[in-house]
Amino acid sequence: MTNDFNIPSKTTHIELPKTLVLVLPASMFGSAESQLGPKAREYRNAVAEEILSYDGYFAVIDGFLSDEIQRGFDDVIEKGLSNAILAAERMRYPNSISAVRMYGCDTVEVAYDG
């Protein structure tokens, strides 16, 4: 492969782990309960299972309602983040950003205390 300057380019392929991204997890609580009723718990449990069994990078993007996340589910998120760090170490990517939890609400609301 050449570019506009006829200088050969060297392509390197690096296989990085996939990333599981959980966006606005609080929506699985208050609003989900009111819209889905008992099914909300079933769906939350399925998401929790996915997080706990995932073996790769993990990112969580919280919003201003994240203070509604139940403590048990917050523990699942923290365990998922810990698992992501361990997975990065096993894959020999310990310096990479393998686990991140950030605030990313697009409203003008103030971030929750957590």
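Author: Contact here means that heavy atoms lie within 4.5 Å. By that criterion, and with neighbours within four places in sequence left aside, Pro94 is in contact with Ala88 and Glu89. The model is a predicted one, and the description below should be read with that in mind.

To place the part in its setting, the protein contains three helices and three strands, and along the sequence these follow the pattern β-α-α-β-α-β. Of its 114 residues, 29% count as buried. Among contacts between residues at least 6 apart in sequence, 74% join residues at least 24 apart.

The packing itself can be taken up with a pair of helices. Two packed helices are described by the angle between their axes and by the distance between those axes. For helix 2, residues 39-53, and helix 3, residues 71-90, the axes come within 9 Å and cross at roughly 20°. Because angles under 35 degrees count as roughly parallel, helix 2 is roughly parallel to helix 3. The crossing in which helix 2 passes helix 3 is left-handed. From helix 2, the residues that take part are Arg44, Val47, Ala48, Ile51 and Leu52, and they meet Phe73, Val76, Lys79, Gly80 and Asn83 of helix 3. Sorted by class, this contact comprises six nonpolar, two polar and two charged residues.

In soluble globular proteins, nonpolar side chains tend to be buried together. Here the largest nonpolar core has 15 residues, and Ile51 and Phe73 are among those with the most contacts inside it, along with Leu22, Phe58, Val60, Ile69 and Ile77. At least two residues of this core come from each of strand 1 (19-23), helix 2, strand 2 (57-62) and helix 3, and helix 3 gives the most, with five residues.

Val60 deserves a separate look. Once its neighbours within four places in sequence are left aside, Val60 is in contact with Leu22, Pro25, Ile77, Leu81, Val100, Arg101 and Met102. Val60 and Val23 are 37 residues apart in sequence, yet 5.9 Å apart in space from C-alpha to C-alpha. Val23 lies in strand 1 and, at 48% relative accessibility, counts as partly exposed. Arg101, one of the contacts of Val60, belongs to strand 3 and is partly exposed as well, with a relative accessible area of 24%. Between Arg101 and Glu78 there are 9.2 Å, C-alpha to C-alpha, at a sequence separation of 23 residues.

Definitions and conventions:
Residues numbered from 1 in each chain as written. Predicted model: local features only at pLDDT ≥ 70, side-chain atom pairs only at ≥ 80, totals over all residues. Heavy atoms only, no water. Axes fitted to C-alpha atoms, helices over the stretch in contact; angles between N-to-C directions. Helix = DSSP H or I, 4+ residues; strand = E, 2+ residues; numbered from the N terminus. Parallel < 35°, antiparallel > 145°, perpendicular 65-115°, else oblique. Left-handed = near helix turned anticlockwise from the far one by under 90°. Nonpolar A, V, L, I, M, F, W, Y, C, P; charged D, E, K, R; others polar. Core = buried A, V, L, I, M, F, W, Y, C linked by side-chain atoms within 4.5 Å. Buried < 20%, exposed > 50% of the residue type's maximum accessible area, 1.4 Å probe, protein only.
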